[in-house]
Amino acid sequence: MKQILSRSTVLAVILFAAQLSSIGQASAVEERNVRAGMVFLAGDALQGRGSGTQYERITAEYVGSQFMQFGLEPAGEIGFDGNAGFVQTVNVSRAVIAGNPTISFGSTSLTHGGEMVVLRTNSAKASGPLQRISIGGKPNPGAAAFLTVNETDEPRAVQQAMQGLAAAGASIVIVPENAQWRQSWPTFAARRLGFRVVPSATPSVLVVVSKTAADELARATEGTEIKFQGSLDPAATTQTWNAIGKISGSDPATASELVVLSSHLDHLGVRENAPGEDKIFNGADDDASGTVAVMELARVLAAGKRPKRTVYFVCYGSEEAGGYGSGHFVNNLPFPKEKLIANLQWEMIGRPDAKVGADELWLTGYERSNLGPELVRRGAKLVADPHPSENFFQRSDNYTLARQGIIAHTISSFGLHTDYHRASDELRTIDFSHMTRSINSMIKPIVWLLNSDFKPQWVEGKRP
Ligand SMILES: [Zn+2]
């Protein structure tokens, strides 16, 4: 049944619509813009936006150029005309371990690729007294923790436990192999071991040892000195690029309070040894989709009424290589850290997640702060991450900020599809209409946050 409107009703509707647009909330993300951004970022021309490559730089320049077009204020380095631009160049000093490092204790020496494999190191040298420990145990500061695990424990869970021990102060963390580790032994053995040079970092090394070596460690006296040793190639400085723009808050009382909307613009680039014909890792979902979300939010917010609080739009370089772009950003914030009230990172919203309701997005670490629940009260279709065992809260740039105490979460709808970190994460798998609806669904809640005086807090005991 049609409804026939009187002329005065029509006039009232027009006036109401005009009022809506004058308060700046009428504009919405358009699917053609989502598509346009995705086609460029995830097309083969950008060669997978490899971390620290010229393609990553072109990506950052493109995002920055878009920010400029939308009318954001620049927050990057000085450009060609002596004015601030929209790109920030970050120097990354990386060291590479030459040859195969060793672990030694008593008269035993284990070599990387032989009796042990190094999963991760941030130093060429580390040492500490042997301490046997089980999952959940507390390491002594500087200990070489030998972690007891079960044959059936998932490598990912074990690796998380290892990282936990390293973060808690162990200098070396050792686990015995199981069948699954043994399977990936050649892959770990073939890897070049490198790390970002951070002058003040305390050494931490994660190692898997063979059954034979584990038996020896089991027999060794508690407190035996364990030594990790490798030699370094000279550190090489590489670069990565962030795109940054902002809208300064309109209210003098609250303009100093900030919200950061972010994504990572890099992906894995071209991998010649990838299986199959296709060597380009386009990263359409990861994280061209999040970068388009940040760009489209910038477009819409810049076209609307200036919010009371200041909002930064930041697309980081080199997330995939270790979070270098976000690391630099958070360590060189262009404003006082305590003024940054929240960060929402966008990651992998290219397809819906069957584990949550239609058009719902999930927020990593939902239960850790009151930000998610408050955004939901303002209309956001956000739910808790339905894949808690994946620890996604720790797996994106938000964590770099969260570790510094900033309320920082990631928004996603990643349904654990099998194209993750494969060459097949391509445009043809993207659901543009889902993306458009997803970004649109967050505009109102974000505009509310930017105009409110709500300051999110960690839930007691849940701060990372
Ligand atoms: Zn990602």
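Reader: What share of the contacts in the chain with a separation of 6 or more comes from residues 24 or more positions apart?

Author: The share is 81%, where contact means heavy atoms within 4.5 Å. This is a predicted model, in which local features need pLDDT of at least 70, side-chain atom pairs count only at pLDDT 80 or more, and totals for chains, interfaces and linings use all residues. Residues are numbered from 1 along each chain as its sequence is written, and side-chain values use heavy atoms, with hydrogens and water left out.

Reader: What makes the radius of gyration of the chain agree with that of a compact globule?

Author: The radius is taken over C-alpha atoms, and the globule rule is 2.2 Å times the number of residues to the power 0.38. For 464 residues a compact globule would have a value near 23 Å; the chain has 24 Å, so the two agree.

Reader: Why is helix 2 called roughly perpendicular to helix 12?

Author: Helix 2 (residues 31–41) and helix 12 (residues 432–451) pack at about 115°, their axes 9 Å apart. Angles of 65 to 115 degrees count as roughly perpendicular, and helix 2 is therefore roughly perpendicular to helix 12.

Reader: Which residues of helix 2 and helix 12 meet?

Author: E31, V34, R35 and M38 in helix 2 meet F432, S433, M435, T436 and I439 in helix 12. The residues of this contact divide into five nonpolar, two polar and two charged. Ala, Val, Leu, Ile, Met, Phe, Trp, Tyr, Cys and Pro count as nonpolar, Asp, Glu, Lys and Arg as charged, and the others, Gly among them, as polar.

Reader: How many helices and strands has the chain?

Author: The chain has twelve helices and 19 strands, taken as DSSP runs (helices H or I, at least four residues; strands E, at least two).

Definitions and conventions. Axes fitted to C-alpha atoms, helices over the stretch in contact; angles between N-to-C directions. Parallel < 35°, antiparallel > 145°, perpendicular 65-115°, else oblique.
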